[in-house]
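Below is a brief report on one protein chain.

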Amino acid sequence: MLHVKNLHKSYQIGKQSYEVLKGVSLSVHAGEFVAVMGPSGSGKTTLLNCISCYLPFQAGEITLGDVVLAALDEDELARVRNTKLGFVFQDFMLLDGLTVRDNILLPRIIGGDTGGDMEQTADQLCQLFGIAHIQDKYPAEISGGEKQRTAVARALINHPLMILADEPTGNLDSKSSRAVIASFERARQELGATIFMVTHDSFSASYCDRVILMRDGMVYRELPNSGNRSAFQDELLSAIKDMSGE
Ligand code: ADP
Ligand code: MG
């Protein structure tokens with residue numbers, strides 16, 4: 001599904017070049033729910049933006065499905081972004097002037113693909129995430145958790161290969177966070193969605209199949225979830241403590 005191989009990314013500030021990703025390699029398989037954790041500044045958002053086709057990188061390879069990203073020109077990258085990926089951001093990024101339902105439909109309308117199963121897919125997603133009763137409301141009239149579940153539905157409307165989420169529960173209380181993570185779990189179970197999520201929240205991460213710990217632009221460790229959620233959360237907290245103590 002997603003293969004990142006020896007990825008190097010530097011930012012140029014004036015004449016200085018700062019290397020932020022120093023050879024990151026990882027894979028995400030179809031149907032997996034994977035989290036990336038790590039201290040602020042370790043390069044998580046940069047990694048996500050490279051995978052998202054937003055940022056060029058200096059070396060390494062990213063393969064998404066059967067497409068090698070570095071080989072594409074800008075138009076082709078935009079197409080991959082619009083058709084193969086779904087995005088969920090910390091601050092929701094909903095359009096205030098559109099209802100919940102129209103926000104969810106927007107990627108299809110923008111892509112010019114309004115036929116077929118569009119309405120039915122939107123209904124199914126609203127049902128699945130418990131937002132059917134608010135689909136005619138506007139973002140200002142709903143809670144943060146409802147906004148983020150709307151964003152998850154929007155990310156899925158194009159049947160993407162993968163959802164990329166950067167701190168999706170970063171602006172939510174624990175109850176709403178749980179509902180958003182439950183919507184990811186449901187998307188995976190019911191729709192076979194693949195989810196790659198950056199988070200600093202060990203509770204949210206403990207619902208994932210696997211957690212990749214990043215430190216200083218590199219993969220520090222990968223931890224698989226053996227099935228016991230609360231034990232996995234303890235394991236994550238202890239690995240993060242070890243990582244910052246070294
Ligand atoms: P994280 O998401 O893990 O907090 P980021 O990927 O946002 O980390 O940032 C990693 C490093 O890259 C930080 O030191 C940050 O200051 C730097 N950085 C991020 N974006 C830019 C940019 N557009 N230009 C220059 N430096 C950047
Ligand atoms: Mg970040």
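## Two loop residues with positive phi

Phe-92 sits in the loop between β6 and α3. The model is a predicted one. Phi of Phe-92 is near 70 degrees, a positive value in a residue other than glycine. Most residues other than glycine have a negative phi. Is Phe-92 buried or exposed? Phe-92 is buried, at a relative accessible area of 12%, and the cut-off for buried is under 20%.

His-159 also has a positive phi, about 50 degrees, and is not a glycine. Its place is the loop between α5 and β7. His-159 is exposed, with a relative accessible area of 51%; exposed means over 50%.

The table sets out these two residues.

| Residue | Loop | Phi | Relative accessible area |
|---|---|---|---|
| His-159 | between α5 and β7 | about 50 degrees | 51% |

## The whole chain

The chain holds eight helices and ten strands. Its radius of gyration is 18 Å, close to the 18 Å from the globule rule for 246 residues, so the chain is as compact as a globular protein of that length. Along the principal axes, the C-alpha atoms fill a box of roughly 50 × 45 × 35 Å.

Of the 246 residues, 48% count as buried. The chain exposes about 11,500 Å², and carbon and sulfur atoms supply 48% of that area. Take the contacts between residues at least 6 apart in sequence: 68% of them join residues at least 24 apart.

How far apart are the mean positions of the positive and negative charges? There are 23 positive and 31 negative charges, and their mean positions are 3 Å apart.

## Helix α5

Helix α5 covers residues 144–156. At 1.5 Å a residue, its 13 residues should span 18 Å; the end C-alpha atoms are 19 Å apart, which agrees.

Eleven of the 13 residues of α5 are buried, so the helix is largely enclosed by the rest of the structure. Among the buried residues are Glu-146, Arg-149 and Arg-154, along with Ala-151, Val-152 and Leu-156. What do the buried residues of α5 pack against? Their partners are the strands β6 (85–89) and β7 (162–166), and the helices α3 (100–110), α4 (118–128) and α6 (174–191).

## Glu-76

Glu-76 belongs to helix α2 (residues 74–84). At 38% relative accessibility, Glu-76 counts as partly exposed. Glu-76 and Cys-53 are 23 residues apart in sequence. In space, their C-alpha atoms are 9.6 Å apart.

Terms used: Residues numbered from 1 in each chain as written. Chains lettered and ligands numbered in written order. Predicted model: local features only at pLDDT ≥ 70, side-chain atom pairs only at ≥ 80, totals over all residues. Heavy atoms only, no water. Helix = DSSP H or I, 4+ residues; strand = E, 2+ residues; numbered from the N terminus. Rg over C-alpha atoms; globule rule 2.2 N^0.38 Å. Buried < 20%, exposed > 50% of the residue type's maximum accessible area, 1.4 Å probe, protein only. Contact = heavy atoms within 4.5 Å. Areas by Shrake-Rupley, 256 points an atom, 1.4 Å probe, with all protein chains shown as cover. Lys, Arg positive; Asp, Glu negative; His and termini not counted. Charge placed at Lys NZ, Arg CZ, Asp CG, Glu CD. Expected span 1.5 Å × (residues − 1).
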